[in-house]
Amino acid sequence: WRMQKYSPCRNGGAMRDGKPISVSGTKELRDAVVATELSWYPKQWPFFQRLHTEFTQRVRGTRMCGAAAANLCHLAEGMVDAYWQFNLKPWDAAAGVVIAEEAGARLATANGTAYSVFDRSIVATNDAVFEKVLEVTGPLMEEMHDAGVAVPPFKVAGYSVKTGAQLE
C-alpha cells in the first residue's frame, strides 16, 4: 500500500498525485466491480446480506477496502465502478464524495433520492451503471421500510441539516 494524494477542485475535476482522474466507462453491471463495507446492525443485517449476495451474483467482482472515503476515491479513479454503503457518518464520506463527484460520479441515496452527507445510505457510480445499481438497491430499501427497519439520517445536536430528500 503506498500513499496517494487525492484532491478535488470544485467544478474543476479531481486528481490523484496531481494527475487528472475520472470514473470508469464500464457500461454493464455484469462487467462492473462494486465496492462496499458490511457492518453489523442486527435489524438491518439480513437485508445487507441479501444486497451483497445480489450484487455478487450480478457483477464481475466485489471489493471491501475498509473506508468509505477510500472506496469513493477508488470509484473516482475508475478502480471500481460502483459503491454502495449504509450507516455512514458525515465524516466517513464527505471528502470522498467531493472527489468522486468531481471525477464524474453520480451519487444518490440507496432509494434514489438526492444524496447529502447526513443521509445514511449512499450509491455512487459512473453514469452508465447508475440506474442499474438503483434497480438493485431501491427494492431492498422499500422492503426495509415496509418491515419497519429504518436507516435514519444522521442528526447533529443543535443543528438543522437537510438530507437528500429535502434537497430535491
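Two strands count as paired if DSSP finds at least two bridges between them. Strands (E, at least two residues) and helices (H or I, at least four) are DSSP runs, numbered from the N terminus.

The model shown is predicted: local features need pLDDT of at least 70, side-chain atom pairs count only at pLDDT 80 or more, and totals for chains, interfaces and linings use all residues. Residues are numbered from 1 along each chain as its sequence is written, and side-chain values use heavy atoms, with hydrogens and water left out.

View 1. Axes are lines fitted to C-alpha atoms, for helices over the stretch in contact, and angles run from 0 to 180 degrees between N-to-C directions. Four bridges join strand 1 and strand 2 in the antiparallel sense. P8 has A14 in strand 2 as its bridge partner.

**View 2. The salt bridge between R10 and E102.** A salt bridge is a side-chain nitrogen of Lys or Arg within 4 Å of a carboxyl oxygen of Asp or Glu. The closest N and O atoms of R10 and E102 are 3.2 Å apart. R10 lies in the loop between strand 1 (6–9) and strand 2 (13–16), whereas E102 belongs to helix 3; the pair thus links distant parts of the chain, 92 residues apart. For accessibility, buried means under 20% relative accessible area, exposed over 50%, and partly exposed in between (1.4 Å probe, protein chains only). R10 is exposed at 51% relative accessibility, and E102 is buried at 13%. A network of salt bridges links R10, E101 and E102. The search of the whole structure finds 10 salt bridges.

**View 3. The packing of helix 2 against helix 3.** Two packed helices are described by the angle between their axes and the distance between the axes. For helix 2 (residues 68–76) and helix 3 (residues 90–102), the angle is about 10 degrees and the axes are 7 Å apart. Helix 2 is therefore roughly parallel to helix 3, a term for angles under 35 degrees. Contact means heavy atoms within 4.5 Å. Helix 2 contributes A68, A69, L72, C73, L75 and A76 to the contact, and helix 3 contributes D92, A93, G96, V97, I99 and A100. By class, the contact has 10 nonpolar, one polar and one charged residues. Here Ala, Val, Leu, Ile, Met, Phe, Trp, Tyr, Cys and Pro count as nonpolar, Asp, Glu, Lys and Arg as charged, and the others, Gly among them, as polar.

View 4. Strand 4 (residues 33–35) and strand 6 (residues 82–86) pair in the parallel sense over two bridges, with V34 standing opposite A82 in strand 6.

**View 5. The salt bridge between E143 and R50.** The side chains of E143 and R50 meet at 2.7 Å, N to O. E143 is partly exposed at 36% relative accessibility, and R50 is partly exposed at 41%.

**View 6. The surroundings of T137.** T137 is found in helix 4. At 1% relative accessibility, T137 is buried. Not counting residues up to four places away in sequence, T137 touches L51, F55, A110 and V123.

Note on methods: Parallel < 35°, antiparallel > 145°, perpendicular 65-115°, else oblique.
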